[in-house]
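Student: Could you take me closely through a single part of this model, and then follow the side-chain pairings that can be traced from there?

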Amino acid sequence: MTSRTWTRWLTAHDGASLSDVLRKMTRRHGIWATWLVPAIYAGCLMAFIADLTSASTVAFGVFYAPLIATAVFYRDKRAVWVQTVIACAMNIIGAFLPVIANDVPELVENRVLAILALVATAAFTWHARTIQDQLAEQTRRAEAAELIKTEVLTNLSQEIRGPLCSMIGVLELVAADCPPDQKTALAMVRGSGRRLVTTVDNLVDLTQFEDRQLPAELIDLSILLHQTAEANRQDAQARQIKLTIDIPSGSPAMVHANHWAVRRILENKIIDAITYTAPGGHIEVSTVTEPAHCVAVIAASGTWPPGAFQPVGDVNSALLTPSAMGLVLSQRLARSIDARLMFSNQSGEGTTVRLRLPAAPQPEPEPA
């Protein structure tokens, strides 16, 4: 086969050059396939030359079977039968040209058996190519469906977040001038809207987690925890929960992690603490500095259900509940930034969540 013909069969008539074909083959099958196919062709050519120069009845056709097997690397599945015709032709030509063996019946018998072996190899290779094409088609459909799902969820998030944020803003304005007996109800509605926004954010972040980069940076865990807790103080007050921030001023807890990932974990766990703490309870957030780590502690007086802190194995089932969705996202974010998310849940003592992060290296003191 000429270079142009080989290129046509490899690229399924897309008009690519031979160098492009080799690059595509390397991407699809690995660098070993780029060298394996020419090696098989060279071996078959050497066997054909040996068959032409030999007058024996050996079935050289079995040496052409790898030639048919190389059709799995071709784009066009019909290359299986093209390679089979070539192998059978080489088998027949090598048997009768330029000389014929003395034992003609044995020669014919061996060559017929070799042709049957080549046809059987072609049948198995055709079946393998059929399965390969089906898997490739299913993979393309799955990738397309995943892309559509991501686009739908992203658009849905934008369509939902806009009205929800507007509704929350209007509720805050109304609650500022409403009678005292209506403040609690409006605050509860506002808290429910904020939890719905968080649920939508968790869903979108889970679908886009693999494509998001999480570069590490130097952050102050104390300031970030303080800001996150203050942002959720109104939701705690709406549920009549006392939120205490026990972070001494002037005591930084410097860690080396991704700011967005740490903030999303703290948001999810503080919202869970507010959700699972009964009215009249209390939540305390604090930081603990260890020799090589800094820990953000969220201690709630309420006892959380097991589904709020137990590891989730099936992500698809976790998408059914907002708390499990936030737990899956928090666990994945913690693993991606080399952090550890720990839970302590005891009856009568409440639930404590600890986010343990690697501390940033301290600068060496200058010599006196």
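**A buried salt bridge and its surroundings**

Tutor: In this predicted model, Asp51 and Arg111 are both buried, and their side chains meet in a salt bridge with an N to O distance of 2.9 Å. Asp51 belongs to helix 3 (residues 31–52) and Arg111 to helix 6 (residues 104–177), so the pair ties together parts that lie 60 residues apart in sequence. This salt bridge belongs to a structure that holds 10 salt bridges.

Glu137 is partly exposed, with a relative accessible area of 30%, whereas Arg141, at 58% relative accessibility, counts as exposed.

A further salt bridge is formed by the side chains of Arg233 and Glu230, at 3.1 Å, N to O; Arg233 is partly exposed at 22% relative accessibility, and Glu230 is likewise partly exposed, with a relative accessible area of 35%. Returning to Glu137 and Arg141, salt bridges that share partners join them with Arg140 into one network.

The side chain of Gln83 makes a polar contact with the side chain of Thr70, at 3.3 Å. Other buried residues of helix 5 include Val80, Thr84, Cys88 and Asn91.

Technical notes. Residues are numbered from 1 along each chain as its sequence is written. This is a predicted model: local features need pLDDT of at least 70, side-chain atom pairs count only at pLDDT 80 or more; totals for chains, interfaces and linings use all residues. Side-chain values use heavy atoms; hydrogens and water are left out. Buried means under 20% relative accessible area, exposed over 50%, partly exposed in between (1.4 Å probe, protein chains only). Helices (H or I, at least four residues) and strands (E, at least two) are DSSP runs, numbered from the N terminus. A polar contact is a pair of N or O atoms within 3.5 Å; within protein, one must be able to donate a hydrogen and the other to accept it, and residues adjacent in sequence count only if both atoms are side-chain atoms. A salt bridge is a side-chain nitrogen of Lys or Arg within 4 Å of a carboxyl oxygen of Asp or Glu.
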